[in-house]
Amino acid sequence: MVTETDVTLDGRTLHVYDAGSTDAFPVVWHHGTPNIGPPPEPLSGAARRLNLRLIGYDRPGYGGSTPRPDRSVASAAGDALAVADALGLERYAVLGHSGGGPHALASAALSRQRVVAAVSIAGLAPYGVQGLDWYAGMHSSAALEAAAAGRAAKEAYEATDPPFDPELFTPADHAALQGPWAWLNSVVGPALPHGPAPLIDDDLAYVRPWGFEPADIRVPTLLLHGRDDRVVPAAHSEWLAEHIPGAELRVTDGDGHLSVLNHAQAALEWVAASIPG
């Protein structure tokens, strides 16, 4: 059962989803682009088994959350902290997939007195960093290249209503979408009922300075990536692993951007093992 509520922060609303017992240890889910924020239903059984409480929220502009144009990746740390405060969470872990990965890492870097562990699954590395050919291996980089050219270029690109290219996902990804991770369709469909504005804000945030350095992260961090990812190449997590002190990197053979989520239960087990006693 998922309980939905609204949290008010600086005159804005964050729409929150709470799935789990208040006696369980909280894990804040950071959703991908474009999604809304309910925590993954395919992980609910594992969360109960591990005594974890999955919590999510709609990033600004998505679902029931107030837009926040030109937000940074770092701003997610304050939003997640506001959710934690409203729910009375003293400590929590963070878990993000795809575009949610950088937002989870923001909490790890900027709220480390409250965040005990972080997981980024198929997440991006910061844009323009040394030692990473950022676009290399992306099946299609046009959307992010438009964002890198600025808001006007990104808005013009989205106004063309670019068609979805099924080749963006590997056969393993498509199998995951037809199987346990069909749930993703339920969070993608409602993400953009009023147009692409929140997606635009996400992509602009990814290619601007994030507002923190990965090297600032001092909590246990797990980076999980599929070796065959065509959306965010595994080199992004490999770069992050070299720049986050003590980070653990798991690159899974045969997995793409979505099928890597088949290993998310193992990531929750890692979270449970990382909670301080």
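1. Some ground rules. The model is predicted, so local features need pLDDT of at least 70 and side-chain atom pairs count only at pLDDT 80 or more, while totals for chains, interfaces and linings use all residues. Residues are numbered from 1 along each chain as its sequence is written, and side-chain values use heavy atoms, with hydrogens and water left out.

2. Eight strands make an open, mixed sheet in the order 1-2-4-3-5-6-7-8. Strands (E, at least two residues) and helices (H or I, at least four) are DSSP runs, numbered from the N terminus; two strands pair if DSSP finds at least two bridges between them. At the edges sit strand 1 (3-9) and strand 8 (248-252), each pairing on one side only. From one strand to the next, the twist averages 20 degrees.

3. Now zoom in on one pair. Strand 5 (residues 92-97) runs parallel to strand 6 (residues 115-121), with five bridges between them. Gly 96 has Ser 120 of strand 6 as its bridge partner.

4. Next, look at helix 3. Ten of the eleven residues of helix 3 (residues 100-110) are buried, so the rest of the structure largely encloses it. Buried means under 20% relative accessible area, with exposed over 50% and partly exposed in between (1.4 Å probe, protein chains only). Among the buried ones are Gly 100, Pro 102, His 103 and Leu 105. Helix 3 lies across strands 3, 5, 6 and 7, at about 160 degrees to strand 5. Axes are lines fitted to C-alpha atoms, for helices over the stretch in contact, and angles run from 0 to 180 degrees between N-to-C directions.

5. Helix 3 also meets helix 2. Their axes are 7 Å apart, at an angle of about 80 degrees. Helix 2 supplies Ala 76, Ala 77 and Ala 80 to the contact (heavy atoms within 4.5 Å), and helix 3 supplies His 103, Ala 106, Ser 107 and Leu 110.

6. Finally, the cores. A nonpolar core is a set of buried Ala, Val, Leu, Ile, Met, Phe, Trp, Tyr and Cys residues joined through side-chain atoms within 4.5 Å. In the largest one, with 49 residues, Tyr 57 and Phe 212 touch the most other members. Helix 2 (residues 75-87) gives this core its largest share, six residues. A second, separate core has 38 residues, including Ala 46 and Ile 121. Beyond its neighbours within four places in sequence, Phe 212 contacts residues including Val 73, Pro 102 and Leu 110.
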